[in-house]
Amino acid sequence: MVAEEAIAPVSPEVEALLGAIDRFRQRPRTHREPQQLAADLKCIRHGQDLLELEFADTAARFSKTEEYEEQGSVSPIDWIRHNCRMSSSAVWGSVAVGDHLAELPHSVEAVESGEIGYAHLALMARTAVALQGSSTAAPFEETELLEKAREFSVGRLWHFCHHLRHALDPEGFTAEQNRATQERSLKLSPCEDGTLLLEGWLDNLGGAALRSALEPLAQPRGDHDERGREHRNADALVEILTHAQDAGGLPQRPHLQVTASLDTLRGLVGSPAGDMEYALPVSADTVQRLACDGTITRVVLGPESVVIDVGRARRVVAGAMRRALAARDGHCRWPHCDRPASWSDAHHVIHWSNGGDTDLSNMVLLCHRHHWMAHEGGWQLVQTAEGEVLTVPPRPPGLARAADVDDPVEAARRFAQQLTPAASPSPLAEGRVGADP
Ligand SMILES: [Zn+2]
Ligand SMILES: [Zn+2]
């Protein structure tokens with residue numbers, strides 16, 4: 001369709017083209033066999049590729065004129081972006097191709113004959129732009145790239161273009177990567193409710209480091225993991241940071257300090273929240289989890305706000321006890337979770353602040369995610385005489401608290417059987433039933 005704002009009438013050839021497209025689109029919609037669909041698909045794409053060539057040529061010609069200024073835009077790119085309803089990067093891509101049609105004659109022919117796609121050509125043009133924009137590059141030459149384009153998928157050619165650029169212009173390639181490294185940024189914006197908004201930019205290498213660190217930790221874990229990809233990424237990031245602090249792997253990091261009253265630590269109703277550095281007050285459940293086995297520094301206040309325990313910057317469960325627990329459990333004990341012992345916490349089935357013993361019979365290894373589910377998430381853990389760990393979701397119908405019934409193991413088994421894949425941990429569930437009595 002012709003844009004309403006266009007001042008000059010569209011040329012008769014373009015009008016004829018649009019007419020042909022209209023007629024094509026108004027054809028009778030008959031059933032097409034899959035093989036027919038496949039053949040049509042290839043040809044429609046080819047037609048689009050040919051039109052892309054025309055668009056690129058026209059866009060490049062337009063960008064050499066002052067017409068954008070006449071029509072009140074700040075640049076030709078901006079005019080095209082706005083009037084042709086495209087993203088800036090797509091406009092840049094088209095103009096780059098249009099500008100380099102003359103230097104890529106054989107590649108243009110290859111698009112016309114359907115040997116390569118327009119997407120191949122766009123990559124080649126981008127490579128030409130990068131090389132020509134660098135004073136240290138060897139001259140751009142299409143032959144080698146075209147050979148690869150005939151052979152490679154678009155994704156593989158994209159990869160190859162980087163290698164080619166490095167080969168023809170090592171200095172420029174390094175300079176560009178260095179620029180990206182200098183432009184790394186991470187903006188932390190604390191929100192009113194204590195949450196933190198992250199906005200950032202990482203260079204090639206930094207991005208790879210982050211992704212390779214997150215990837216193994218961001219996989220779905222154990223039973224009942226319904227977190228989405230982005231949720232799992234965020235959890236993985238927090239887990240890495242927590243682990244680095246626990247393991248003392250950071251150069252000069254004192255541990256997180258939390259200050260809480262004894263009542264809070266015991267989870268008594270009416271007790272205040274816990275205080276933590278860099279955070280708004282945290283819930284009693286969180287205080288309990290952090291104190292369960294963290295290396296956080298605890299400052300526990302008695303009834304008169306008298307400091308009764310300045311905690312240590314070491315694990316509650318340490319040394320031989322910790323090694324024995326790691327040897328016994330080997331990994332997180334949540335059903336079907338295999339996060340290794342070094343990435344897990346020692347969870348007190350009965351919290352030590354409520355008189356639970358710090359001995360093997362009262363402890364199980366839980367990874368950070370599942371430790372969270374056992375405290376804040378409201379899941380209950382029930383251990384059988386054989387040491388098997390059963391998980392009961394928050395607010396199970398008919399069961400207030402596994403610890404309150406005559407046979408918690410039987411009750412937990414019943415709920416484990418009832419569990420459908422739809423059961424999910426709900427941190428917001430009202431009337432939460434804690435794992436600790
Ligand atoms: Zn715990
Ligand atoms: Zn786990």
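First, the ground rules. The model is predicted: local features need pLDDT of at least 70, side-chain atom pairs count only at pLDDT 80 or more, and totals for chains, interfaces and linings use all residues. Residues are numbered from 1 along each chain as its sequence is written, while chains are lettered from A and ligands numbered from 1 in the order in which they are written.

Now the overview. The protein has 17 helices and 10 strands. Those are DSSP runs, numbered from the N terminus: helices are H or I with at least four residues, strands are E with at least two. Of the 437 residues, 28% are buried. Buried means that 20 or more other C-beta atoms lie within 10 Å of the residue's own; exposed means 12 or fewer; partly exposed is in between; and C-beta atoms are placed from the backbone. Next, contacts. Two residues are in contact if their C-beta atoms, placed from the backbone, lie within 7 Å. Take the contacts between residues at least 6 apart in sequence: 53% of them join residues at least 24 apart.

On to helix H5, residues 88-99. How far apart are the end C-alpha atoms of H5? They are 16 Å apart, which agrees with the span that its 12 residues should have at 1.5 Å a residue. The expected span is 1.5 Å times one less than the number of residues.

Which residues of H5 are buried? They are Val-91, Gly-93, Ser-94, Val-95, Ala-96, Val-97, Gly-98 and Asp-99. These buried residues pack against helix H2 (34-63), helix H4 (76-83) and H7.

Look at H7, residues 118-132. The axes of H5 and H7 come within 9 Å and cross at roughly 80°. Axes here are lines fitted to C-alpha atoms, for helices over the stretch in contact, and angles run from 0 to 180 degrees between N-to-C directions. H5 and H7 are therefore roughly perpendicular. The cut-offs: under 35 degrees is roughly parallel, over 145 roughly antiparallel, 65 to 115 roughly perpendicular, and the rest oblique. At the contact, Gly-93, Ala-96 and Val-97 of H5 meet Leu-121, Ala-122, Ala-125, Arg-126 and Val-129 of H7.

Strands next. E7 covers residues 344-348, and five of its five residues are buried. Ser-344, Ala-346 and His-348 point one way, and Asp-345 and His-347 the other. Five bridges join E7 to E8, residues 363-367, and the two run antiparallel. Strands pair if DSSP finds at least two bridges between them. Ser-344 has Cys-367 in E8 as its bridge partner.

Then E9, residues 380-383, which four bridges join to E10, also antiparallel. Gln-380 is partnered by Val-392 in E10. E9 and E10 form a hairpin with five residues between them, and Gly-387 in the turn has a positive phi of about 95°. E10 is covered on both faces: Val-389 and Thr-391 are buried on one side, Leu-390 and Val-392 on the other.

Last, two loop residues. Most residues other than glycine have a negative phi. Arg-85 is not a glycine, yet its phi is positive, about 55°. Arg-85 sits in the loop between H4 and H5. Is Arg-85 buried or exposed? It counts as exposed, because it has 9 C-beta neighbours inside 10 Å.

His-224 also has a positive phi, about 60°. His-224 lies in the loop between helix H11 (204-217) and helix H12 (229-246). With 23 C-beta neighbours inside 10 Å, His-224 counts as buried.
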